[in-house]
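User: I'm new to protein structures, and I'd like a close look at the surroundings of the ligand. Please take it slowly and link that spot to the rest of the chain.

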Amino acid sequence: MTRVEVAGVEVSTEHFIGGERAGSDTTFTDISPIDAEPVAEVARGGEREADLAVAAAQEAFPAWGALGTAGRAEVMHRLADLIDANVERLAAVECADMAMLLRSLRARVISRGARNFRAYADLAVAYEERVWESNGTRNRVVRRPSGPAVVITPWNAPFMLSTWKTAPALAAGCTVILKPAEWSPLSCSLLCDLVAEAGFPPGVFNVVQGIGEEIGAALTRHEGVRRISFTGSPETAVHIGTAAARNIVPFTGELGGKGPLLVFADADLEGAARKAAGQYDDAGQVCLAGTRLLVERSVEDAFLELFHRFTDEHVLGDPRDDATTVSPLIHADHLERVEGFVERARANGDEIVRGGRRREDVGPLFYDPTLVIPRSNDSEIVQREVFGPVLTFQTFADEQEAVALANSTRYGLSGIVYTGSEERAERVGRGVRAGTVWVNTFLVRDLTAPFGGVGISGIGREGGDYALDFYSDLKTLQILDGTTA
Ligand code: NAD
């Protein structure tokens, strides 16, 4: 078995298939964004490993489904407890692998994984079948687990997102094949050790490592798969959706965003400006971020002054340091992509009012928090997701223009609204086209609420019963009245 030491923690670089570690003939190099140096050579799966993992998930499926919600909940609660007991190790590995701030990982992000397993396990147990009488029959809606599910996740927040997606699948009775992103594969590998320790039967939870176009594609076109759940970019979703369609397999996509952050003159300006500057956290590599600042013209100057003041407070640095607020970008290719957006904006005549350059003085993969005033709303920098520390700034005259600007991209994942008016909160909150709109707050999540995107930001909904329904085949059971005692 191949293990490496990452941030003082031993992590397997192999797949986890049928409860066993398994290697591949080839590997890929995993880089730490902290210093852009290799951390591990990780197994690079392909068609063969996809076949093995799906076979293991198929074999384990009948017994896992038959265990019932209470039996599954017991195992899932054990896993949640183990995650809580291993926060430090998981946080250290994820920080080295992905460069999310260590203090956030320790304080809340990793334990969110434990919460995901507990919440979905309990929700599945609490499910009450809908029962009603009609046409002389007793009707019932029965949830049946649908079969092996493929879960494909992106490189940002890899641990939290993987648990968010696999927990409902497991609670519903599906077996899982998880493929983490190749830029941050290690925290999910560590999770497999905890899965084994928690006592999951072999084959219920499998992890395969590798490149999206290779093992990811092999999994999504596999005929033995009954559900595909994907989080990543809209571009990749097109490939996955096409593969899913060929086998008539339901698929959900939680995709990219270009969220508006609307600030009305009646808002707590300081709170809004602080939150706007906070969109640079995690180097802006957050799908839900409000990256288009839309501010009522009458408070433009006051807002910008506060915004610059709060942005000046950011500290770029090592994500393991408590003082750091902005970490490096994930990979040199991604840094180049982010830089490409800003350079094209410059060439387009958009005004770069702050940042707009690499920060090699801090480390090889840092980019300065950047603010762009676009020449027009059609500018690429307004219309396409950058997924880095780059925000745009535009103003509006009134509520109508604010909502029109908010809804003027093809995305629709999230929106943030700052206003002091209850009526406006309702009107604008309903008017903004997005899966989630926060008013005077951000990133507060109730795990039972639906989560997903509108437009190219997503297809389907996860969260709560919506996710449990997705991983189930809903059956209508009708029994003729008076025929059974
Ligand atoms: P990506 O689409 O490049 O990759 C995501 C995953 O898909 C990776 O595991 C990758 O290996 C795999 N993949 C790539 N090509 C594939 C193929 N042909 N078949 C099967 N799998 C394939 O996305 P990324 O760069 O890892 O992540 C960033 C994107 O994810 C951004 O757009 C971001 O907004 C989005 N995201 C969305 C949410 C959400 O909840 N809506 C959350 C986090 C990230």
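Analyst: Helices (H or I, at least four residues) and strands (E, at least two) are DSSP runs, numbered from the N terminus. The model is predicted, so local features need pLDDT of at least 70 and side-chain atom pairs need 80 or more, while totals for chains, interfaces and linings use all residues. Residues are numbered from 1 along each chain as its sequence is written, and side-chain values use heavy atoms, with hydrogens and water left out.

Let's start with who is around the ligand. The shell holds 30 residues, where belonging means having a heavy atom within 4 Å of the ligand. Thr153, Glu182, Ser233, Thr236 and Glu385 are the closest. Sorted by class, you'd find 14 nonpolar, eleven polar and five charged residues in the shell. (Ala, Val, Leu, Ile, Met, Phe, Trp, Tyr, Cys and Pro are nonpolar; Asp, Glu, Lys and Arg are charged; the others, Gly among them, are polar.)

Which parts of the chain do these residues come from? Helix H7 (212-220), strand E12 (227-231) and helix H8 (234-246) each put at least two residues into the shell. H7 gives the most, with four residues.

Now zoom in on some atoms touching the ligand. Glu385 has a polar side-chain atom 2.5 Å from a ligand oxygen. Trp155 also uses its side chain: one of its polar atoms sits 2.9 Å from an oxygen atom of the ligand. Leu255 uses its backbone instead, with an N or O atom 2.8 Å from a nitrogen atom of the ligand. How much of the ligand's surface does the protein bury? Taken alone, the ligand exposes 850 Å², and the protein buries 90% of that (accessible areas by the Shrake-Rupley method, 1.4 Å probe).

Step back, and you can see how the chain is divided. Domain 1 covers 3-255 + 453-477 and domain 2 covers 259-439, with bounds from an automatic or database domain assignment. Their C-alpha centres lie 30 Å apart. Across the boundary, 23 residues of domain 1 are in contact with 28 residues of domain 2, contact being heavy atoms within 4.5 Å. The ligand's shell draws on both, with at least three residues from each of domain 1 and domain 2.

Trp183 belongs to the loop between strand E10 (176-179) and helix H6 (186-198). The side chains of Trp183 and His331 make a polar contact of 3.4 Å (N or O atoms within 3.5 Å; within protein, one able to donate a hydrogen and the other to accept it, and sequence-adjacent residues count only if both atoms are side-chain atoms). Trp183 counts as partly exposed because its relative accessible area is 23% (buried is under 20%, exposed over 50%, partly exposed in between; 1.4 Å probe, protein chains only).

H8, one of the shell's suppliers, leads us to Asn247, in the loop between H8 and strand E13 (251-254). At 19%, Asn247 is buried. A polar atom of the Asn247 side chain lies 3.0 Å from the backbone oxygen of Arg221. Beyond four places in sequence, Asn247 is in contact with Thr220, Arg221, His222, Glu223 and Arg226.

With a relative accessible area of 16%, His314 is buried. Its side chain has a polar atom 2.8 Å from the backbone oxygen of Ala277. Asp318 lies in the loop between H10 and H11 too, but Asp318 is partly exposed at 22%.

Finally, look at a backbone angle. Most residues other than glycine have a negative phi. Phe387, in the loop between helix H12 (380-383) and strand E18 (390-396), has a positive phi near 60°. Asn135 also has a positive phi, near 50°. Buried or exposed, then? Phe387 is buried at 14%, whereas Asn135 is exposed at 74%.
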